[in-house]
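Here are my notes for a first look at this model. Please keep the structure open while you read.

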Amino acid sequence: MGWSPPSAALDTDPQTWVATQVGDALEAVFEAVADIRAETEALLDRVAAGGRRPVSADLAALRPGLHRHLTCEDLVCGAGFVAAPGLLTDVPAWLEWWQSGADGAVRPLLLDLDPGRSAYSDYTHWDWFALPRDTGRRAVAGPYVDYLCSDEYSLTLSEPVRIQGHFAGVAAADVYLRNFEAAVLPLLRRLPRPARLVNARGRVAASADPAHLAGSLTRGPDFGPLLTGARPAEHEGLRLVPCVGVPLVLVLA
């Protein structure tokens with residue numbers, strides 16, 4: 001793990017301090033996602049400027065950047081671009097996705113996306129694709145068992161890719177939940193009340209509250225507007241503190 005909580009003492013607002021540190025822990029991953037998005041949009045713009053639509057082979061140009069993120073970012077275990085159906089002229093769907101293995105080697109994810117054979121041919125309903133598409137903002141999906149890539153509990157951080165103003169797919173990066181929890185649980189445990197982190201849909205991403213385990217859904221308000229407003233709030237006895245810069249909310253019992 002390259003990131004660890006700082007040793008400085010909590011200030012007079014420990015909840016805001018923890019929310020800020022959680023944001024810092026994930027911001028490096030979102031910076032990688034933003035870089036993938038920018039490279040993908042530039043690539044698609046170049047193809048469009050040539051007077052044609054993109055094909056899957058064009059996306060090979062993204063691979064050096066993806067390999068760099070997988071070898072340089074400690075939390076990133078998978079990264080790539082997932083095309084919107086119909087974007088590419090030679091295939092109905094495509095993931096230009098690469099992963100780092102336990103041995104440190106970077107390998108492509110090879111999927112059968114034939115709708116006649118594969119249960120994973122339609123990925124458009126997954127939160128990591130649907131949330132950026134529907135909201136136009138970056139998102140944290142999970143934790144969930146990532147049957148598509150690793151069979152591990154994971155978080156997927158993603159943001160929309162656009163070409164000429166239209167949604168073209170998502171840039172994304174995977175983070176193993178065990179690595180994320182190792183980074184943020186020491187922070188949550190410093191708070192005087194049981195605390196957990198939830199995503200925009202209320203799913204628990206990490207928890208120091210035994211009543212709410214990671215992966216479960218938490219009851220509460222609509223977290224989307226809370227994340228947009230970025231201001232702490234109260235809801236039925238819960239303290240809700242948006243994490244700085246990332247779409248997670250710190251929830252205190």
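1. Start with strand 5 and strand 6 (residues 166-176). The two run antiparallel and are joined by 10 bridges. Keep in mind that this is a predicted model.

2. Glu159 has Ala171 of strand 6 as its bridge partner.

3. Now look at the turn. Two residues lie between the strands in the hairpin of strand 5 and strand 6. There, Gln164 takes a positive phi near 50 degrees.

4. Strand 5 has another partner to inspect. Strand 4 (residues 139-145) pairs with strand 5 in the antiparallel sense, over five bridges. Val145 has Tyr153 of strand 5 as its bridge partner.

5. Is strand 5 (residues 153-163) largely enclosed or open? Nine of its 11 residues are buried, so the rest of the structure largely encloses strand 5.

6. Turn next to the nonpolar cores. In soluble globular proteins, nonpolar side chains tend to be buried together. The largest nonpolar core here has 53 residues. Leu157, Phe180, Leu197, Leu248 and Leu250 touch the most other members. Helix 1 (residues 14-49) supplies the largest share of this core, with 13 residues.

7. Which residues does Phe180 contact, leaving aside its neighbours within four places in sequence? They are Leu26, Leu75, Leu155, Val175, Leu197, Ala205, Ala206 and Leu248.

8. A second, separate core has 14 residues, among them Val82, Trp97, Leu109 and Ala172.

Key: Residues numbered from 1 in each chain as written. Predicted model: local features only at pLDDT ≥ 70, side-chain atom pairs only at ≥ 80, totals over all residues. Heavy atoms only, no water. Core = buried A, V, L, I, M, F, W, Y, C linked by side-chain atoms within 4.5 Å. Buried < 20%, exposed > 50% of the residue type's maximum accessible area, 1.4 Å probe, protein only. Helix = DSSP H or I, 4+ residues; strand = E, 2+ residues; numbered from the N terminus. Contact = heavy atoms within 4.5 Å. Pairing = 2+ DSSP bridges.
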